[in-house]
Amino acid sequence: MEFGGPEALHIMELPDPVAGPGQLRIRVHAAAVNPTDTGLRSGARAGLLKDRPPPYVPGMDAAGVLEQIGDDTHTDLQVGDHVMAIVVPAGSHGAYSERVAVPAESAARVSAGATDVQAATLPMNGLTVRLALDVLGLRPGQTLAVTGAAGAVGGYAVQLAKADGLHVIADASLADEQLVAGLGADIVVRRGKEFSEQVREARPDGVDGLIDGALLNELVIPAVRDGGRIATLRGFRGEEERGITFHPVLVRSYAHEQAKLDRLRQLAEGGQITPRVARTFPAEQAAQAHRILEAGGTRGRLVLEF
């Protein structure tokens, strides 16, 4: 097994997992394709796997049918329920699988009226945003800025922030302005290097917090008020200035937060957040999905169907 480009992805036969104590086994029908997956495939995350033998199976989002409940597992789910789960890949344990076993705390019911494909876009990205909002700790009425608002993470950031009672300033290209406004952003500014300047025009004192979905890093610092907070998604920590603090977000820390995952399900049922599917692919076309994701410009999530 070698890391590399999309051509490094191969279909393999592996033993079906068995749900152990505290676990659920899911017959996967859909798995979302995320940047984390392309990083695992390329070898960017090889250090996390150095103690685990190949093959390595990507995928952090799964949705499908619950088919096995392990002994001593406390859950209100039943065999046959449609469920979604966040999957923390560990060697051969990843969501790009026909079957996957996960801790019961990592799964929740699929939202009423949603398909498995739609549900597969929610766990990892939704919990990432929930964690970011929790670490920022903003109060209702305060102002959050969001970069990359037309993307999967950014879109959920806008919607979950509004559900939390926050005022939201979000970025968008000209083509995406209507999309981002429709997600609930109170003010939409043009994406790009002038982001912070435009935010300051709208909020002269700066925003209280910021979620940097576009990975603008140091370019967003001027948008934040003295003593404000910035949540980053790829570990960025800028030079501390004006009392601003940086909060790198690692979604693995919320992988067992079942109540928070189920709350996302409730918000989706109530229409406060909207799973966005850009395109679906048969599982055997995973390499093509990776190529499209890495080319950029995807709005919503690409999803593999099994």
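**Exercise 1.** Describe how α3 packs against α4, giving the axis distance, the crossing angle and the residues that meet.

*Solution.* The axes of helix α3 (residues 123–136) and helix α4 (residues 152–163) come within 9 Å of each other and cross at roughly 55°, where axes are lines fitted to C-alpha atoms, for helices over the stretch in contact, and angles run from 0 to 180 degrees between N-to-C directions. Helices (H or I, at least four residues) and strands (E, at least two) are DSSP runs, numbered from the N terminus. α3 and α4 are therefore oblique to each other, given that angles under 35 degrees count as roughly parallel, over 145 as roughly antiparallel, 65 to 115 as roughly perpendicular and the rest as oblique. The crossing of α3 past α4 is right-handed (left-handed if the near helix is turned anticlockwise from the far one by less than a right angle, right-handed if clockwise). On the α3 side, Asn-125, Gly-126, Val-129, Arg-130 and Leu-133 meet Ala-152, Val-153, Tyr-156, Ala-157, Leu-160 and Ala-161 of α4, contact meaning heavy atoms within 4.5 Å. The residues of this contact of α3 with α4 divide into 8 nonpolar, 2 polar and 1 charged (Ala, Val, Leu, Ile, Met, Phe, Trp, Tyr, Cys and Pro count as nonpolar, Asp, Glu, Lys and Arg as charged, and the others, Gly among them, as polar).

The model is predicted, so local features need pLDDT of at least 70 and side-chain atom pairs count only at pLDDT 80 or more, while totals for chains, interfaces and linings use all residues. Residues are numbered from 1 along each chain as its sequence is written, and side-chain values use heavy atoms, with hydrogens and water left out.

**Exercise 2.** At what angle do α3 and α7 pack, and which residues make the contact?

*Solution.* α3 and helix α7 (residues 258–269) pack at an angle of about 110°, their axes being 10 Å apart. α3 and α7 are therefore roughly perpendicular to each other. Pro-123, Gly-126, Leu-127, Arg-130 and Asp-134 of α3 make the contact with Lys-260, Leu-261 and Leu-264 of α7. Sorted by class, the contact of α3 with α7 has 4 nonpolar, 1 polar and 3 charged residues.

**Exercise 3.** What is the volume of the largest cavity, and which residues line it?

*Solution.* The largest cavity has a volume of about 40 Å³. On a 1 Å grid over the protein atoms alone, a cavity is a set of points where a 1.4 Å probe fits but cannot get out, and lining residues have an atom within 4 Å of a point; grid points are joined across faces, edges and corners, and a volume is the space filled by probe spheres set on the points. The lining of the largest cavity consists of Thr-121, Ala-152, Gly-155, Tyr-156, Gln-159, Leu-183, Thr-274 and Arg-276. Its largest share, 4 residues, comes from α4. By class, this lining has 3 nonpolar, 4 polar and 1 charged residues.

**Exercise 4.** Where do Pro-55 and Asp-72 lie, and what is the backbone geometry at each?

*Solution.* Pro-55 lies in the loop between α1 and β2 (61–69), and the peptide bond from Pro-54 to Pro-55 is cis, with omega near 5°. Asp-72 is found in the loop between β2 and β3 (82–86), where phi of Asp-72 is near 55°, a positive value in a residue other than glycine.

Notes. On a 1 Å grid over the protein atoms alone, a cavity is a set of points where a 1.4 Å probe fits but cannot get out, and a pocket is an open set with protein on both sides within 12 Å along at least five of seven lines; lining residues have an atom within 4 Å of a point.
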